[in-house]
Amino acid sequence: MALPKRIIKETERLVSDPVPGITAVPHDDNLRYFDVTVDGPSQSPYEGGVFKLELFLPEEYPMVAPKVRFLTKIYHPNIDKLGRICLDVLKTNWSPALQIRTILLSVQALLGAPNPDDPLANDVAQRWKEDERAAIGTAREWTKNYAHDAA
Amino acid sequence: MKFAKVFQQLLDEENIPKEWVGTAIQYKSLKKCINKVVEELEELGLEKETLQLLLAYEKAQRNHAQSSGVSGKGRPKLIYSFEGTLHEFVPKITINLDNVNGMPLSAAISPETRAKLASLASDVSRRSSHISAVRDDSDSINSIPNSPEERDIYVSDREDVQTDGCDGGDTITIGGSTSTANEPMTTHKSEAPYQKGLQYGLRNLFKPEYNIMQFAGSKGVGSSSDDVRDAPDGPEAPLGGIPSTIEIHLHSDSEFFKMLCSELVALDSLHEEQEKELTEQVTDIARRLPHAASPLQKKNDLYVWREIFRLYIDAGVFFSSLEQDHGERSVEQAKQQLTWFTDQIQQMDLMDRFKSPESKSILESFWKLNMSLLQSAQFQTLNRTATTKILKKFDKQTALTAREVFPEFYFKNPSGSVSMSVAKSVCFTMAEQLLTVIPQLDDYICPVCYLIAFKPVRLDCGHVFCIRCLVKLQRQQMDGCPICRQNVLMNANGRNMDIGLHNQMLLYFPKETKEKQSANDKEVTKEQLQFNNEKQCVIQ
């Protein structure tokens, strides 16, 4: 089926006017599937890291949210081992006026503001609450080990 | 290459109109004037190194006060400031002294600097022979000196340094005159070694060889020669205690800034003129455009003009709206973007698609307007660079802080506040008056499907969507407006149709509305087919 005008326009703008610190490139053979990178926000334990994600636009998009998942291993209370993200705008608070770029900005913001009270990775959230310093240390270490140069 | 040369070359080469060049910053003369300031400062013993030491000390003090959380004790020791209005002002150096022992600075300052200051104070007296600093007209003591050959050194022991008013009652103004200062100075020199320190040097200032004017209270007047007091000779003769402030008005300093100021004022009025002229051009084009592009005209160029303006907005000639480099563009970038815009028009053969005979001349006017705007921006940038450079040079050679103090002074004056660039304000008028003549599709799209929001439904919160998307959202039982999340979606109905907007879309976007309508029809048919198929499945 032909790609809706909306997806074409969004993709065009992602290329012509990219968001600083974020890239999203569609696959040639599937224009609904994007390779994404997000830079870790400064002054967060993820600073300096470049995180790979995948983003898929379901058939019903934009009536339903895009599916987004981390591919790079990351130590974060709201992101689990499989890279699934606990973020309201990807679930219940999705609005069809949101876009790929705004969603990716929200994901980037989540890295800057972990929320252990609404956990997805229980063990990480637990540690985050008990010993935040140590948890941040681990997050920093993981960033160094897994998110550098996107090897 | 020296900037003076580069500046001149740019003024010559870039086709800047002759009548503008006359108003450009006179970089060379200003540069010469800086040399005079340096000389004059040296004469006073305020060489660059001395000032640098003083300022470095100031900074250290301030930092210390900030980091320790204690507000800096007492007043700054050295202040460089401007006083007055743009037409009548005076730059001055104020040095505050410790009023207990007459030392200019606390013990923390190096002995070297102290010695320098000491020699400054004595220099003031010693050399006053060269610097006719007497003020014969005592009434004008508190006014701004503006006759060319004078330099004033005020010494006062008031706490308030900012005003020269003589309300303190114990202000002492001292000036040495050519006639009286020279002769006794020699004797004094032999008697008094200045090296002893500033206190000593300052006392030299009070030597009776100089005209000493003492005035008190509201009187504030003393005629110089009458008020000379016969104080005992020698350095040990203090007069009325130790002053706390030395205020120095340099003649060359005023000359420099008066020159710079009048040039800036002239430039401002030139820019104002340009702005007015260019704004008129915008208005003129905006007036002519509807004849060529109105959908009510038979042979109109609505779509061609929309394309032209869309390209122009995309080009962002003077201001970029992209995430990576938003804001004002440099002249070079603006030039590039304007070329891109012109190239695009040619590549797309937009000129050939004109049907209305007027369109071509309007486009030419529009192009000319942009060229003038570019030229004006270029001239403005050049002068801005020259101003920054000359102030930098001034600071570098004198160690004074004009780069910091002068712009602040200039822009707080109402007559000097035309700081906005010509490009900015003309572009604003363009965006407001001209580009709005042709509505752009981007302003009429549905935020869900990104197609024209035809037939438009305006929710109770004010946000507009196409009817197709609204129906789909209602089917999903989504009550929140996609933009503002207010629960207004489910109760939207026929009365939410925006008829005015609907008609406007039909008029200005005949092609787009047609396309959208047929796309909607297709989608509905498809949905019904699907619905029927599903029903069949259920039956089976």
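1. The area buried between chain B and chain A is about 1,600 Å². Carbon and sulfur atoms give 58% of it. Buried area here is the accessible area (1.4 Å probe) that two parts lose on being put together, summed over both. In chain B, the residues that lose the most area to chain A are B:Glu323, B:Tyr450 and B:Arg485, together 39% of what that side buries.

2. A word on the basis. This is a predicted model, in which local features need pLDDT of at least 70, side-chain atom pairs count only at pLDDT 80 or more, and totals for chains, interfaces and linings use all residues. Residues are numbered from 1 along each chain as its sequence is written, chains are lettered from A and ligands numbered from 1 in the order in which they are written, and side-chain values use heavy atoms, with hydrogens and water left out.

3. Chain B brings 20 residues to the contact and chain A brings 22 residues. Contact means heavy atoms within 4.5 Å. The count between the two chains is 1 salt bridge (a side-chain nitrogen of Lys or Arg within 4 Å of a carboxyl oxygen of Asp or Glu). A:Arg101 forms a salt bridge with B:Glu323. The closest N and O atoms of that pair are 2.8 Å apart. B:Glu323 is also among the chain B residues that lose the most area to chain A.

4. Next, helix packing in chain B. Helices (H or I, at least four residues) and strands (E, at least two) are DSSP runs, numbered from the N terminus. Axes are lines fitted to C-alpha atoms, for helices over the stretch in contact, and angles run from 0 to 180 degrees between N-to-C directions.

5. Helix H8 (residues 251-293) of chain B packs on helix H11 (residues 357-398) of chain B at about 165°, with axes 10 Å apart. H8(B) is therefore roughly antiparallel to H11(B). The classes are: under 35 degrees roughly parallel, over 145 roughly antiparallel, 65 to 115 roughly perpendicular, the rest oblique. The crossing of H8(B) and H11(B) is left-handed: the near helix is turned anticlockwise from the far one by less than a right angle, whereas clockwise counts as right-handed. The contact has 19 nonpolar, 12 polar and 3 charged residues. Ala, Val, Leu, Ile, Met, Phe, Trp, Tyr, Cys and Pro count as nonpolar, Asp, Glu, Lys and Arg as charged, and the others, Gly among them, as polar.

6. Helix H3 (residues 27-43) of chain B also packs on H11(B), at about 20° with axes 10 Å apart. That makes H3(B) roughly parallel to H11(B). H3(B) passes H11(B) in a right-handed crossing. From H3(B), the contact residues include B:Leu30, B:Ile34 and B:Val38; from H11(B), they include B:Ala386, B:Ile390 and B:Phe394. By class, there are 9 nonpolar, 3 polar and 3 charged residues.

7. H11(B) packs with helix H12 (residues 402-412) of chain B at about 135°, axes 9 Å apart. The two helices are therefore oblique to each other. B:Leu391, B:Lys392, B:Phe394 and B:Asp395 of H11(B) meet B:Ala402, B:Arg403, B:Phe406 and B:Pro407 of H12(B). That contact divides into 5 nonpolar, no polar and 3 charged residues.

8. Backbone items to check. The A:Tyr61 to A:Pro62 peptide bond is cis, omega near 5°. A:Pro62 is in the loop between strands S3 (50-56) and S4 (67-70) of chain A. The B:Phe454 to B:Lys455 bond is also cis, omega near -10°. B:Lys455 lies in the loop between helix H13 (422-434) and strand S9 (456-458) of chain B.
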